[in-house]
Amino acid sequence: MSILTPPLVDVRCFFDGAGTELEKSASAEAARWACRAHGFLALPAHGGIASEVVVAAFDSIQALFAMPQEKKMELAFRDVRENVGYIQLGREKPDLSEAAPDPKEVFQFAPGKRQLPAEIEEPLAALFRAGMAASRAALRCLARSLDLPEDELAASTRDADLCTLRCIHYPGGAAPRSTRCGAHTDFGLCTLLLHEQGGAPGLQAADRTTGEWRDVVPPPGAAGADGGVAYVNLGDMLSRWTNGECCATPHRVVAPADSAQAARSRFVLALFCDADAATSLACLPQFTSAERPPLFQPMSAGDFKAMRLAGITAVS
Ligand SMILES: O=C(O)CCC(=O)C(=O)O
């Protein structure tokens, strides 16, 4: 199995007033290359999210998934438009060609949307806020890499009404190399993916040229102070706006080949940063021409996300 190492792209210079023009140009250039080559970027220092915030959120999701099943079911996911709550094992199948649904449980979090114990809600809300700031910095960097006005993409996330922090638990005891999360592309603009230090490996991305699955391995210098890693990967809303120029990469998660590692639980946090529900996903004029007509029918971000979620989720 070959390895895919997403390039390091430091987006911290895109926080308000933080970086020089030179720093921003260097990051945008790195992002341009990373988007074309892989659709995955590695963010040093968690893209500016403090390590304590990340660690506290991982502690919270361990506590969340350790709650009794009947308590978790009281928080159940109800419908794709609301898109928050608990999704039990065996209810999601992102890759319809797989025989079985994914062996994972999920909590779709948005601040204040479900009655969670304060010691779980607060660290997750803190990560949501810090993660949105990092994602917007990444979107400014991506916009610059696409020769768009710097705020063009980030401004569409002002209400963050479709954005969710997806808390994922892949229970231990998986068969080595078995699928933990089926192949898919993400639906939104970009996803901030957080892997904890020492967590079981398993993320794979499709090679852009050959389609071969490659193990995603962080580059040196990617880890935050806690040893964990943050990636940004591109989503399908961005692909629609850019007429396929900036497109999402299929990825999946498999259990480690080593049976001792596959026996361990894996916890992941993924912040889906999406355009606000009422935003049109019609192709931006810069990316279409007589020779290159729009590839996708225009629709709102809210309709697009609900359509895609309905395709993978059987409501609990
Ligand atoms: O578990 C991971 O590393 C990736 C999860 C993922 O791709 C997703 O939930 O969309």
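Which residues in H1 meet which residues in H4? The views below take that up, then turn to the sheet. This is a predicted model, where local features need pLDDT of at least 70, side-chain atom pairs count only at pLDDT 80 or more, and totals for chains, interfaces and linings use all residues. Residue numbers start from 1 along each chain as its sequence is written.

**View 1. Helix H1 (residues 21-37) packs with helix H4 (residues 118-145).** Helices here are DSSP runs (H or I, at least four residues), and strands are too (E, at least two), numbered from the N terminus. The axes of H1 and H4 sit 8 Å apart at an angle of about 80 degrees, which makes the pair roughly perpendicular (65 to 115 degrees). Axes are lines fitted to C-alpha atoms, for helices over the stretch in contact, and angles run from 0 to 180 degrees between N-to-C directions.

**View 2. Here is where H1 and H4 meet.** Lys24, Ser27, Ala28, Ala31, Arg32 and Cys35 come from H1, and Cys141, Leu142, Arg144 and Ser145 from H4; contact means C-beta atoms, placed from the backbone, within 7 Å.

**View 3. Seven strands form an open sheet, ordered E2-E10-E7-E12-E5-E4-E3.** Pairing is antiparallel, and two strands pair if DSSP finds at least two bridges between them. At the edges, E2 (40-43) and E3 (85-87) each pair on one side only. From one strand to the next, the twist averages 20 degrees.

**View 4. E2 runs antiparallel to E10 (residues 229-234).** The two are joined by 4 bridges, and Leu41 stands opposite Val232 in E10.

Technical notes:
Angles under 35 degrees count as roughly parallel, over 145 as roughly antiparallel, 65 to 115 as roughly perpendicular and the rest as oblique. Two residues are in contact if their C-beta atoms, placed from the backbone, lie within 7 Å.
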